[in-house]
Structures are given as C-alpha cells and as structure tokens.
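Please look over the sequence and the 3D structure shown here before reading on. The notes after it are grouped by topic.

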Amino acid sequence: MTSTRRSEIDWLCGGAGRFYPEALDRFRAGVPEDERDDLVAAYSRLLANPDRAVRERAATAWLTWEDAIIADEPNGKPGMYSDREVDAQIAFVRICSHYFSNGAWLEAGQLLREAHKLAGIPAVLDEFKVR
C-alpha cells in the first residue's frame, strides 16, 4: 500500500531492488533501455500501447517484480499478483503505472496532511487481500 509520495513510488519501483537485484534487473529489462531512468513512466507508456502483446509483456514484467517484493511480506505469497487472468493483470498494472507516473495528481504528503477532512465519514481501513 502507498500514499503515492514520490519517495514511496521510487522505493517500490526501484529502491527495493537492493534486496532483490536480479528481480530489479528483470523489471528494468521490461522497458526500452533509453527509458530506464523512469520505469514507472516507461511502463505507463507500454500499458497504453495499442498492441495487446506489448501490454501483456509489460504487465507480466511489472507483476513479476511486484510478486518478488511482496512475497516476503507477512501476508505475501509467491504469485500473489501474477496469479490473475491476463485482462485483470493488464488493468491492474495500467492503473498503478498511470497513477504512479502522475503522482496520483496529489501534492507530496497530501493524503496524510488532509486526512482530517475525512473525520466523521464512516470507513474501514483493512489490509488489501488478493483472492
């Protein structure tokens, strides 16, 4: 889970690679070499490609990376993200990469800074569960 702060996105899409260097290499290899300075933007472009095969390859590469870093989490398991049907994979990665590449259209720290605006609105914050 992330509040979409740039530091969180940078960690999720690269910094965590210090613990998973081979997985990060595979993630980076999923985009053209000249676009590897901004993996999130590169994947966002690939997921908007009209060629379904390009979108599928990009989604697979992204989810393989997600699986690598989530597998060691307390509720993580191997294949947690990639064990979905292809259309769901593409949709998930397309949304993530699009929002992440645009900082979710929020200022840094805005979600936490303005959380008080939600006071009085009934809500439950629960852990994210995948099938």
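What follows is a short briefing on helices, a core and the surface.

This is a predicted model, in which local features need pLDDT of at least 70, side-chain atom pairs count only at pLDDT 80 or more, and totals for chains, interfaces and linings use all residues. Residues are numbered from 1 along each chain as its sequence is written, and side-chain values use heavy atoms, with hydrogens and water left out.

**Helix 3**

- Helix 3 covers residues 39-47; helices here are DSSP runs (H or I, at least four residues), numbered from the N terminus.
- Eight of the nine residues of helix 3 are buried, where buried means under 20% relative accessible area, exposed means over 50%, and partly exposed lies in between (1.4 Å probe, protein chains only).
- The buried residues of helix 3 are Leu39, Val40, Ala41, Ala42, Tyr43, Ser44, Leu46 and Leu47.
- These buried residues pack against helix 1 (6-12), helix 2 (21-29), helix 4 (52-70) and helix 5 (86-101).

**Helix 4**

- Helix 4 has 19 residues and reaches 26 Å from its first C-alpha to its last, close to the 27 Å expected at 1.5 Å a residue; the expected span is 1.5 Å times one less than the number of residues.
- Buried residues of helix 4 include Val54, Ala58, Trp62, Trp65 and Ile69.
- The buried residues of helix 4 pack against helix 1, helix 2, helix 3 and helix 5.
- Leaving aside its neighbours within four places in sequence, tryptophan 62 is in contact with Cys13, Phe27, Val40, Tyr43, Val93, Cys96, Ser97 and Phe100; contact means heavy atoms within 4.5 Å.

**The largest nonpolar core**

- A nonpolar core is a set of buried Ala, Val, Leu, Ile, Met, Phe, Trp, Tyr and Cys residues joined through side-chain atoms within 4.5 Å.
- The largest nonpolar core has 29 residues, and those with the most contacts inside it are Phe27, Tyr43, Trp62, Trp65 and Val93.
- Helix 2, helix 3, helix 4 and helix 5 are the elements that give two or more residues to this core.
- Helix 4 supplies the largest share of this core, nine residues.
- In soluble globular proteins, nonpolar side chains tend to be buried together.

- Tyrosine 99 is found in helix 5 and counts as partly exposed because its relative accessibility is 42%.
- Glutamate 22 is found in helix 2 and counts as exposed because its relative accessibility is 60%.
- The C-alpha atoms of glutamate 22 and leucine 47 are separated by 23 Å, and the two residues are 25 residues apart along the chain.
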